[in-house]
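Thanks for coming. I will go through one model this morning, starting with the overall numbers and then moving to single residues. Please have the sequence and the structure open.

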Amino acid sequence: MIQPVLSREEIIEAVTSDKRYYNNSQNVEMPHIDALHTSGDNDLLLQIGYKPELKRRFNTLQVFGVAFSIMGLLPSIATTLAYGITAGPAGAIWGWLIASCFILVIGIAMSENASCQPTSGGLYYWTNYYAPPKLKSVLSFVIGNTNSLSLTCGFCSIDYGFAQELLSIVVIAKDGNFEVTQAKTYGVFAACVVAHLFVTCSSSKHIASLQATSIVWNVLLIVMFLIAMPIGASRGSFKSAKWVFTHFDNLTNYPMGWNQVSQAWQSAIWTIGAFDSCVHMSEEAKNATTAVPLGIVSSITACGLIGFVILIMTFFCIQTNDLEGHILNTKMGQPMAQIIYDAFETKTGQGKPMAITFMVLITIGQFLMGASILTAISRQLFAFARDNGLPFSWWIKKVNKELSVPIHAVITGAIAALVIGLLVLIGSTAASALFSLGVAGNLLAYMLPTLLRLIYTDKFTPGPFYLGKVMTQVNGWISVLYIVYAIIMVMFPRDRNPIADTMNYTCVIAPGVWLLSLVYYWVYARKVYHGPTKTAEVDEDETSSSVEHLRENLDAKQLEA
């Protein structure tokens, strides 16, 4: 056994004089956190270093509901179906299943982090915790910025999808005699963002109840779709099982193989995302060390399996073989709207009313998605502002105690979305590029804390959710490798020989955001942002108790180096 270099009294003096452990000083050294032996949620949060400011009103089902609502299966599949169709029915179905399995691997790795350190800042906090000392602040700053902006871009994407779906209803109702302009789309988008602002400023109790409502709505919508579509299509014709499960196609000018492992996977990548929203609700979740991991894993699993079934049913009910001309390039603006219309129009002539009915129901589901993701955004912005990571942090981090809601963070998220959404006025290409940052940026934010944990594994103390020493390494490295591939994949344009209108500018915008974050950090932010700050006050009695405990341990046994 190696003797300590310092004497007993020198060790006590060093600890008791180190104000980092007891005050709200900058660049706080990350404490050792033991989630398995903590008496309660708020005790663990204090151990992490934060004073509890939000009331814990979300049970496990409601934490699950936040992510499940944001994913909004049928609305999201309706919005992203164009990606999968380019690979044919079999490409879309199997591509969804394969991508879902990889996404679950990411979710499991994230759940292990969340079970150990459940805090609203989550991803950037973990990055700071595991990173080497000289890189802690800068890496966590980049991830905090990226995660905040990516969630906001995801919010824009959801509300933009709402605008498209709502306007497609008008197109159907007017039999195509309605022009959808970018100005009209932005107008509906902006109105939706403002509505979400007011909804999300409700008390946390009402927001928690809204998640349960969203779960019920999404499930009922899916059940109605799975029952009604076969009934409508039965009066026309069903596609054969061979066509649905084995017919691969390539409606792009990329090689067949690349299309099957890129475009075909993107429907799932876009849909089964933002599951870090469960992490951002950590400080409002009851029994967070298990509720948050369960929320992440169960939402991904449920959406992966149910989405697989929805796609199978959708392709069985398609009434045409012309996927490119009739479905992808439909005048209705939404491939799913055309598929529903055809299924009920063939024999009954009820295509128009049924398409309108389902699109109205889908649009309501899309609205609920937006309310949930703005809730998650506000908690991320609140946490990052609490650590001085944002401009006007002093204002953004304020919490309405009565409502238990960071209202200023909600307002900030909504204003950011309205500004970013202005790109819609430039054109759909520019808007889609920035909205894609919601995928690429979040993937980077998911990857870095896991990568650092795998490299500096000695810093990791497992929580209740843990795969074991070997499997956590296997799962973690698979998630890292897949994310690297997925980030590259989502930056490819949909056309092999893109022009200005078909280029995917995500490959410029995403790295640009990361680079600008670094520049902003070195120019200014490093003066005010020093990683997670300690907001939990420790009184003199607690300090004295800790010192006495240290003295007893030093008297009882020698220290190991």
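Take the contacts in the protein between residues at least 6 apart in sequence: 82% of them join residues at least 24 apart. Contact here means heavy atoms within 4.5 Å.

Before going on, the conditions. This is a predicted model, in which local features need pLDDT of at least 70 and side-chain atom pairs count only at pLDDT 80 or more, while totals for chains, interfaces and linings use all residues. Residues are numbered from 1 along each chain as its sequence is written, and side-chain values use heavy atoms, with hydrogens and water left out.

The secondary structure comes to 25 helices and zero strands. Both are DSSP runs, numbered from the N terminus: H or I over at least four residues for helices, E over at least two for strands. Of the 561 residues in the protein, 57% are buried. Buried means under 20% relative accessible area, exposed over 50%, and partly exposed in between, with a 1.4 Å probe and protein chains only. The accessible surface is about 22400 Å², and 64% of that belongs to carbon and sulfur atoms. Those areas come from the Shrake-Rupley method with a 1.4 Å probe; for residues, only the protein chains shown count as cover.

The largest nonpolar core has 157 residues. A nonpolar core is a set of buried Ala, Val, Leu, Ile, Met, Phe, Trp, Tyr and Cys residues joined through side-chain atoms within 4.5 Å. Which residues have the most contacts inside this core? They are F275, I296 and F315. By element, helix α17 (residues 351–386) gives the largest share, 15 residues. As background, nonpolar side chains tend to be buried together in soluble globular proteins.

Leaving aside neighbours within four places in sequence, F315 is in contact with I85, P89, A92, I93, K239, W243 and V244.

Another residue with a list of contacts is T86. T86 sits in the loop between α4 (73–85) and α5 (88–116) and counts as buried, at 3% relative accessibility. Residues up to four places away in sequence aside, T86 touches D249, N250, L251, T252, N259, Q263, L328 and R494.

Next, salt bridges. How many does a search of the whole structure find? There are five, each defined by a side-chain nitrogen of Lys or Arg within 4 Å of a carboxyl oxygen of Asp or Glu. In general, side chains of opposite charge can pair when their charged atoms come close.

In one of them, K352 pairs with D175, with the closest N and O atoms 3.4 Å apart. K352 is partly exposed at 27% relative accessibility, whereas D175 is exposed at 56%.

Another joins E283 and R386, at 2.9 Å from N to O. E283 and R386 are both buried.

Then there is R379 with E284, where the closest N and O atoms are 2.6 Å apart.

On cysteines, the search finds zero disulfides, a disulfide being a pair of cysteine sulfur atoms within 2.5 Å. C278 is buried at 0% relative accessible area, and C317 is buried with a value of 0%.

Two backbone entries. A274 has a phi near 60°, a positive value in a residue other than glycine. A274 is in the loop between α12 (263–271) and α13 (277–280) and is buried at 10% relative accessible area. S404 also has a positive phi, near 60°. Its place is the loop between α18 (393–396) and α19 (407–420), and S404 is buried at 1%.

Last, the surface. L515, L518, V519, Y520, W522, V523, Y524 and V528 form a nonpolar patch with about 730 Å² of accessible area together. Patches are made of residues with over 30% relative accessible area and no salt bridge; like charges are joined within 9 Å, and nonpolar side chains (Val, Leu, Ile, Met, Phe, Trp, Tyr) within 5 Å.
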